[in-house]
Amino acid sequence: MKKNSLTILSIVLFLIGFTGLSAQTEVKIEDQDSLRINRNIYGHFAEHLGRSIYDGLYVGEDSDIPNTDGVRNDLIEALKNLQIPVLRWPGGCFADTYHWMDGIGPKEDRPTIVNQWWGGVTEDNSFGTHNFLNLCEELGAEPYLAANIGSGTVKEFADWIQYVNHDGTSPMADLRKENGREKPWGVKYWGVGNEMWGCGGNMTPEYYANLYRQYATFMTSWNNDKGLYRIASGANVDDYHWTEVLMRDVPHNLIEGVALHSYSFVEWGDKGDAVDFNEAQYFSTMQTALKMEELVTKHSAIMDKYDPKGNIELIVDEWGGWYDVQDGTNPGFLYQQNTMRDAMIAGVSLNIFNNHSKRVKMANLAQTVNVLQAVALTDGAKMLLTPTYHVMEMYKVHQDAKLLPVSFDSPQYSYEGESLPAVSVSASKDDKNVIHISAVNIDSEKENEVEFDLSGFDIDDFNAEILVSENLQDHNTFDSPEKIIPKQFKDFKFKRGNLKITLPPFSVVVLESK
């Protein structure tokens with residue numbers, strides 16, 4: 001009898017493995033007084049890097065490609081559809097070599113600049129402050145300007161603020177008017193340098209903290225009556241000492257946000273191909289992506305220690321997947337394709353940011369077009385939207401909605417003796433009391449059944465969308481731009497407050513109550 005029982009058990013385990021079906025996961029979703037998911041978590045980043053600005057966003061006013069003031073119209077419409085809340089510019093590493101006055105005035109009079117960080121190419125500064133800020137107005141997005149601390153001056157920084165913000169008479173405001181802009185743009189978000197631990201100057205945190213204090217002092221008045229939002233250059237991944245020094249040494253009346261940068265990759269020194277990757281490389285990439293949970297938790301704990309009321313916010317202004325560049329492209333341009341692996345990175349990262357809304361108030365995907373984990377790729381007049389774009393589109397329903405806390409024990413995605421949480425979930429309720437649930441299954445082989453306890457909500461049923469494909473390596477191309485797009489999802493049952501769904505391998509699902 002014992003032998004037969006073991007045989008039956010072996011058969012059952014074999015069938016489970018064969019069908020790729022994991023055990024059911026129960027998720028509790030609570031409706032309580034909670035935080036809002038700041039819409040700026042769905043922000044973007046456009047650096048002067050490769051084909052991000054030139055031949056990406058900006059094709060020039062004389063281009064045959066339909067454009068508005070030189071920015072291609074198809075990309076404008078795509079970003080509007082995402083309801084892009086905030087856009088960071090001009091860097092990145094480029095920011096601390098950029099001198100903003102080189103990018104204003106008659107274009108024929110502007111000096112060129114050698115982009116020493118990204119390919120050593122010479123740029124003509126034809127895309128400058130006016131172009132960027134006017135684009136943000138067109139998109140309905142808040143601009144986030146990263147200022148030059150590494151090679152600039154306090155005066156240069158203060159002059160830029162006056163140029164874009166002063167609504168009166170002053171040398172910089174008068175210069176703005178001479179250059180065709182009467183009213184100021186009113187830029188709120190300012191990065192006080194970028195990656196000061198690296199390309200921003202290879203500084204110690206103690207040195208940068210003092211330098212930050214100096215620059216922040218001259219940005220605004222005694223009491224910051226203009227409401228500027230000053231973001232300190234924050235930690236590289238798990239450099240918790242950097243965060244500790246900033247929170248300890250910078251007076252809290254001089255700072256509104258602390259940045260954090262972390263990318264997802266296979267190995268930093270051997271990032272692998274963006275499309276031709278194996279499961280081991282996929283698993284490693286998801287390990288670094290999911291580390292964001294630990295990073296946000298530990299950096300937040302340090303901030304809580306010095307700022308228990310949460311007045312200073314965590315700004316993850318660079319995140320995304322980073323692989324080797326596409327064959328045949330400039331290695332300094334960081335052009336890479338975008339597969340279902342990137343959809344997994346986007347889904348789990350956004351869920352983490354949503355669930356940490358108490359401290360995380362902005363995040364900026366790197367980058368918008370033609371660089372790293374882009375939402376769009378261009379080739380001449382052609383443009384395609386990536387799987388990452390579609391995840392951002394599906395998740396936009398969470399912007400400014402009330403966070404609904406979730407609790408569950410995730411099934412595991414296992415590979416060669418290591419395991420990761422397979423399922424990621426976040427949920428929210430908007431101002432019309434509509435519930436949205438975003439769920440991701442990163443497992444490369446197995447389905448996962450998830451059961452949601454929604455007994456505390458008045459819900460009749462759900463609509464749902466899914467982003468999924470046959471292979472992890474699948475991606476959209478210019479010949480097949482809609483290979484991966486969101487589709488209606490019906491593999492769920494809802495009855496008396498109980499929602500059961502089956503998540504296919506490497507899939508993203510967003511459900512909406514009705």
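# Reading the terms in this structure

Modeller: Serine 513 sits in strand S27 (residues 507-513). A strand here is a DSSP run of E of at least two residues, and a helix is a run of H or I of at least four, both numbered from the N terminus. The model is predicted, with local features needing pLDDT of at least 70 and side-chain atom pairs counting only at pLDDT 80 or more, while totals for chains, interfaces and linings use all residues. Residues are numbered from 1 along each chain as its sequence is written, and side-chain values use heavy atoms, leaving out hydrogens and water.

Colleague: Why is serine 513 called buried?

Modeller: Buried means under 20% relative accessible area, exposed means over 50%, and partly exposed is in between (1.4 Å probe, protein chains only). Serine 513 has 11% relative accessibility, so serine 513 counts as buried.

Colleague: What makes the pairing of serine 513 with isoleucine 435 a polar contact?

Modeller: A polar contact is a pair of N or O atoms within 3.5 Å; within protein, one must be able to donate a hydrogen and the other to accept it, and residues adjacent in sequence count only if both atoms are side-chain atoms. The backbone nitrogen of isoleucine 435 is 2.8 Å from a polar atom of the serine 513 side chain. Contact in general asks for heavy atoms within 4.5 Å. Leaving aside neighbours within four places in sequence, the contacts of serine 513 include Asn433, Ile459 and Phe462.

Colleague: How many disulfides are there, and what makes a pair of cysteines count as one?

Modeller: The whole structure has 1 disulfide. The term requires two cysteine sulfur atoms within 2.5 Å, and the sulfur atoms of cysteine 93 and cysteine 199 are 2.1 Å apart.

Colleague: Why is aspartate 400 not classed with the buried residues?

Modeller: Aspartate 400 has a relative accessible area of 35%, which makes it partly exposed. This residue is in the loop between helix H10 (387-395) and strand S16 (402-404). Its phi is positive, about 65 degrees, although aspartate 400 is not a glycine.

Colleague: Where else is phi positive in a residue other than glycine?

Modeller: Asparagine 224 has a phi near 50 degrees. With 14% relative accessible area, asparagine 224 is buried. Most residues other than glycine have a negative phi, and most peptide bonds are trans.

Colleague: Which peptide bonds are cis?

Modeller: One joins tryptophan 89 and proline 90, with omega about 5 degrees. Another runs from alanine 366 to glutamine 367, with omega near -5 degrees.

Colleague: How do you know what span to expect of helix H4?

Modeller: The expected span is 1.5 Å times one less than the number of residues. Helix H4 (residues 154-165) has 12 residues and reaches 16 Å from its first C-alpha to its last, close to the expected 16 Å. Of those 12 residues, 9 are buried.

Colleague: What makes a set of residues a nonpolar core?

Modeller: The members are buried Ala, Val, Leu, Ile, Met, Phe, Trp, Tyr and Cys residues joined through side-chain atoms within 4.5 Å. In the largest core, of 140 residues, Phe353 and Ile437 touch the most other members. Helix H8 (residues 279-306) gives this core its largest share, 10 residues.
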